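Please examine the sequence and the structure displayed below before reading the report. The report then takes up selected parts in turn.

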Amino acid sequence: MAAEESRCLLGYPASDSCPRVQNKKLYLAAFAAVLGPLSFGFVLGYSSPVIPELRKINDPKLRLDSSQASWFGSVVTLGAAAGGILGGYIVDKVGRKLSLMLCSIPYVFGYIVIISAQNVWMLYFGRMLTGLATGITSLVAPVYISEVSHPKVRGMLGSCVQLMVVTGILGAYVAGITLKWRWLAVLCSVPPCIMLLFMSFMPETPRFLLNQSKHSEATAALCFLRGPHADHAWECRQIEASVQEEGLNLSEFKNPSIYRPLLIGVALMFFQQATGINAVMFYAETIFEDANFKDSRMASVVVGSIQVCFTALAAIIIDKTGRKVLLYVSGVIMALSTALFGLYFKIILPDQNNSSNPDVWLTLNSASPGTESSISWLAVASLGLFVAGKWNRLLSSHYTELRLSGKHDNFIL
């Protein structure tokens with residue numbers, strides 16, 4: 001009965017009678033780590049319900065015009081860029097566990113600045129701090145989960161990272177229906193606080209500990225993660241062997257097995273960003289308001305729900321359908337949905353030559369209101385299809401091997 005409750009660690013030699021591996025504490029460690037990507041999602045989704053509220057707020061010092069609203073949503077990416085560089089440094093200096101714990105500080109402090117904001121610049125600063133935290137999180141969390149997992153569950157747990165990001169976005173959209181912008185910031189600060197608490201009880205990754213020549217600590221970490229009946233000595237030897245091959249020099253990038261997956265992963269992420277997916281997530285509610293949708297907040301929730309469902313679906317079928325097939329489907333869906341969305345604005349703004357003008361949204365409300373109402377469903381449908389096809393982040397990590405994954409994520413940020 002005990003053997004049925006535990007799993008065999010993939011890769012044990014055939015001579016072993018399938019050592020029993022217990023995954024309960026491994027799943028607990030993974031849950032603690034994915035609270036970081038969940039916090040990441042809350043940061044991405046926070047601006048969508050908040051911008052319409054701040055554009056109508058009574059306090060003139062906090063009221064956002066069109067340009068300021070754009071900066072409030074996008075300034076988080078500047079912090080994320082800095083966080084990616086910082087995360088790449090601290091993840092190898094202080095370890096994966098402590099890096100995750102440290103990134104909760106800018107999360108919480110950033111939201112405190114937003115909650116206590118007295119002017120627009122404080123709002124910007126708070127968003128930049130939370131962006132800094134997301135940059136660190138997006139690098140460290142996948143590395144931590146990958147290194148604490150054994151091969152049999154690594155793919156499944158790795159897919160949870162992107163799933164939690166889109167879940168956080170949806171959570172911000174849903175909470176924004178009832179919560180004011182300050183209370184929404186309070187709610188968004190809860191996941192990083194819980195992550196800090198949980199991670200303090202989790203072990204450092206065995207790979208990092210062995211890289212620091214801390215064999216006894218690595219064995220203790222494996223005992224926690226795998227249970228007392230697994231062959232910890234054998235796994236330590238396997239990790240040590242891979243650690244010795246971990247270093248990369250410039251000459252190795254001539255090897256197609258190194259540079260090809262790296263280039264593919266970077267290209268996937270570049271084109272994903274070029275599609276404007278972050279702009280949709282940052283300004284979803286504003287887009288629907290300007291599309292004359294009656295309930296813009298509910299429409300945002302629908303789009304967020306579609307994104308969560310299709311990300312979960314992609315994670316489930318990715319090994320059965322193959323990465324290439326999903327990429328083809330993703331590209332076709334996103335291209336068609338973007339064309340539909342462009343068609344929608346062409347219909348309601350037939351004479352507008354520069355749709356990137358910040359004041360275009362004011363024109364939207366006065367241009368053919370009857371026409372907008374009759375085809376407003378087209379905006380919801382096209383954005384729903386657009387986010388349904390956004391699987392690039394989920395797929396790109398599968399193109400890089402373990403020793404490249406952290407460097408790959410650091411580069412693409």
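## Overview and confidence

The structure is a predicted model. The protein has 413 residues, and 50% of them count as buried. Its secondary structure consists of 19 helices and 2 strands. When contacts between residues at least 6 apart in sequence are considered, 80% of them join residues at least 24 apart.

The average pLDDT of the protein is 81, and 80% of the residues score at least 70. Over residues 354–358 the pLDDT is below 50, and this stretch has 2 contacts in the model beyond near neighbours in sequence. Residues 14–18 also have a pLDDT under 50, and the model gives them 2 contacts beyond four places in sequence.

## Helices α1 and α7

Helix α1 covers residues 24–54 and helix α7 covers residues 190–199; their axes come within 8 Å and cross at roughly 165°. How are α1 and α7 directed relative to each other, roughly parallel or roughly antiparallel? Angles over 145 degrees count as roughly antiparallel, and α1 and α7 are therefore roughly antiparallel to each other.

The crossing of these two helices, α1 and α7, is left-handed. On the α1 side, the contact is made by F31, A32, A33, L35, G36, L38, S39 and F42, while α7 contributes P191, P192, I194, M195, F198 and M199.

## Helices α4 and α5

Helix α4 (residues 120–148) and helix α5 (residues 151–175) form another pair, with axes that come within 9 Å and cross at roughly 165°. Because of this angle, α4 is roughly antiparallel to α5. The crossing of α4 and α5 is right-handed.

Which residues of α4 and α5 meet? In α4 they are P142, I145 and S146, and in α5 they are R154, L157, G158 and V161.

## Residues L222 and H232

L222 is found in helix α9. Its relative accessible area is 0%, so L222 is buried. Leaving out residues up to four places away in sequence, L222 touches P206, G227, H232, E235 and C236. The C-alpha atom of L222 is separated by 10.0 Å from that of R207, and these two residues are 15 residues apart along the chain.

H232, one of the residues that L222 touches, belongs to helix α10, which spans residues 232–244. With a relative accessible area of 11%, H232 is buried, because buried means under 20%. Apart from neighbours within four places in sequence, H232 is in contact with T219, L222, C223, R226 and G227.

## Residue S213

S213 lies in the loop between α8 (206–211) and α9 (215–226). Is S213 buried or exposed? Its relative accessibility is 55%, and S213 therefore counts as exposed. The phi angle of S213 is near 60°, which is a positive value in a residue other than glycine.

## Cysteines

A disulfide is a covalent bond between the sulfur atoms of two cysteines. Counting pairs of cysteine sulfur atoms within 2.5 Å gives 0 disulfides.

C188 has 0% relative accessibility and so counts as buried, whereas C193, with a relative accessible area of 38%, is partly exposed.

Technical notes:
Residues are numbered from 1 along each chain as its sequence is written. This is a predicted model: local features need pLDDT of at least 70, side-chain atom pairs count only at pLDDT 80 or more; totals for chains, interfaces and linings use all residues. Side-chain values use heavy atoms; hydrogens and water are left out. Buried means under 20% relative accessible area, exposed over 50%, partly exposed in between (1.4 Å probe, protein chains only). pLDDT is the predictor's confidence in each residue, from 0 to 100. Contact means heavy atoms within 4.5 Å. Axes are lines fitted to C-alpha atoms, for helices over the stretch in contact, and angles run from 0 to 180 degrees between N-to-C directions. Helices (H or I, at least four residues) and strands (E, at least two) are DSSP runs, numbered from the N terminus. Angles under 35 degrees count as roughly parallel, over 145 as roughly antiparallel, 65 to 115 as roughly perpendicular and the rest as oblique. A crossing is left-handed if the near helix is turned anticlockwise from the far one by less than a right angle, and right-handed if clockwise.
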